[in-house]
Amino acid sequence: MCESLPADPYLAFLDELVTARLLIPSGVRGVYGRGGDFEHVVEQFERLVTREGRPEKAEVMRFPPLLNRAHYAKINHIHNFPDLMGSVDTFTGNEADHRAMIDTFQTGGDWTRSLVPAETMLVPAACYPMFPTATGTLGEAGRTVDLRTFVFRHEPSDDPARMQIFRQREYVRLGTADQALDHRDAWLRRGKALLESLGLPVEAVVANDPFFGRGGRLAKATQREQTLKYELVVPICSTEKPTAVSSTNYHLDYFGKAFDILLPDGSPAHSACIGFGLERIALALFKHHGLSLERWPREIRERLELD
Ligand code: ZN
C-alpha cells in the first residue's frame with residue numbers, strides 16, 4: 001500500500017473554485033475573474049452591509065483603484081510595505097524611443113526599461129484615496145464615509161483568499177479620538193454579529209499589519225500593544241491559520257496630520273475604519289455552505305436575499 005501525500009488545502013480549494021466556475025484563473029497567482037454566483041454573493045453581502053450601516057448616514061464616496069502618486073508620497077506606505085506596492089508605468093517617449101522599445105520587445109529584451117512612472121499608484125487600502133480629499137476643518141460631529149474599491153497588494157499566492165487585487169468595503173470615521181474609537185468598537189461588534197448571522201464561525205483577534213523588514217518588527221509590536229488593529233477571522237482553508245475577512249484600524253491622528261484634517265480646536269483629527277474583505281467573505285461562505293448556492297441553508301439564502 002502506498003500512502004498518497006496530503007493535498008495542499010489551498011490548492012485543493014482553489015481547484016474546486018475554478019472547477020465550479022466561481023473563480024476564473026488569469027495565469028497570474030492571486031489574480032482572478034469572478035463567476036456569476038461569486039459576484040451575486042459579493043453584491044448581496046454588500047447590500048446587507050449597506051442596511052447595517054444605514055443608521056450611520058455615511059457619505060458615500062467611490063474612488064477608482066488608483067491613488068495620486070503625490071498623495072502616496074505623504075503616507076508611510078513606501079517605508080512600511082514596499083513589497084506590497086503597485087506603481088503604474090507608461091510610455092512617454094518620442095518615435096525614436098518607441099522604435100527602440102519595439103526592437104527590444106521583439107528581441108525578447110526588457111522593454112519595460114523604456115517606461116516611466118505615471119502620476120498614479122495602485123490603491124493599497126480603500127480609505128487611502130479619501131483622506132487627501134478631507135483636508136480642512138471638521139464640524140463637531142466629524143464625518144463618516146462609506147467607501148468601496150479594488151485594492152492591490154503584490155503577494156502572489158496559491159491561497160485563493162490571498163488575492164493580489166480584491167474589493168474592500170469600508171466605513172471610516174473622522175473626528176475626535178473618542179468618536180474614532182466608538183466607531184471602531186461599534187463596528188467590531190456589528191461586523192462580528194453580521195458575519196455570525198451568515199453562519200460563519202468568527203473570532204475577533206488583536207492583529208498587526210505585515211510591516212516590512214527588521215525595522216517592521218517594532219512597528220508590529222507597537223501596533224499590537226496599542227491594540228490599533230483587530231481582525232475578524234474565519235477558518236477557510238486552515239483552522240490553525242484562520243483568514244482575516246474583516247479588520248478594524250484605529251489610525252490615531254496619523255491621517256489627520258498627513259493631510260491637515262483638523263478638529264474645530266485646530267488639532268489634527270483622529271480616524272478609524274472597518275473594512276470588509278468582500279472576496280474573502282464570499283470564499284468563507286462558499287467554504288462553509290458549499291459551492292452550490294442552491295444548496296445553502298435556507299436561513300442563509302434568505303438573510304442574503306439570494307435569487
Ligand atoms: Zn481603512
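This is a predicted model: local features need pLDDT of at least 70, side-chain atom pairs count only at pLDDT 80 or more; totals for chains, interfaces and linings use all residues.
1. Helix α5, which covers residues 95-106, has 12 residues and reaches 16 Å from its first C-alpha to its last, close to the 16 Å expected at 1.5 Å a residue.

2. The domain assignment of the chain gives a domain 1 written in two segments, 18-86 and 124-304, and a domain 2 that runs over 88-122. The C-alpha centres of domain 1 and domain 2 are 34 Å apart, and the contact between the domains takes 10 residues from domain 1 and seven residues from domain 2.

3. Between them, domain 1 and domain 2 bury about 880 Å², with 60% of that area on carbon and sulfur atoms. Of the area that domain 1 buries against domain 2, L66, R69 and G86 supply 60%, which is more than any other three residues supply.

4. On the side of domain 1 that touches domain 2, strand β4 (66-68) and helix α3 (69-72) each supply at least two residues, and the largest share, three residues, comes from β4. Sorted by class, that side of domain 1 has seven nonpolar, two polar and one charged residues.

5. By the rule applied here, the count of salt bridges comes to 20. One of them is formed where the side chains of R34 and E279 meet, at 3.0 Å from N to O. Because R34 lies in strand β2 (residues 32-34) and E279 in helix α9 (residues 278-289), the pair ties together parts that are 245 residues apart in sequence.

6. Where does E56 lie, and which residues does E56 touch? E56 is placed in the loop between α2 (36-53) and β3 (59-61), and, leaving aside residues up to four places away in sequence, E56 touches T144, H183, W187 and R190. For A134, the separation from E56 is 78 residues in sequence and 18 Å in space, taken from C-alpha to C-alpha.

Key: Residues are numbered from 1 along each chain as its sequence is written. Side-chain values use heavy atoms; hydrogens and water are left out. Domain bounds come from an automatic or database domain assignment. Contact means heavy atoms within 4.5 Å. Buried area is the accessible area (1.4 Å probe) that two parts lose on being put together, summed over both. Helices (H or I, at least four residues) and strands (E, at least two) are DSSP runs, numbered from the N terminus. Ala, Val, Leu, Ile, Met, Phe, Trp, Tyr, Cys and Pro count as nonpolar, Asp, Glu, Lys and Arg as charged, and the others, Gly among them, as polar. The expected span of a helix is 1.5 Å times one less than its number of residues. A salt bridge is a side-chain nitrogen of Lys or Arg within 4 Å of a carboxyl oxygen of Asp or Glu.
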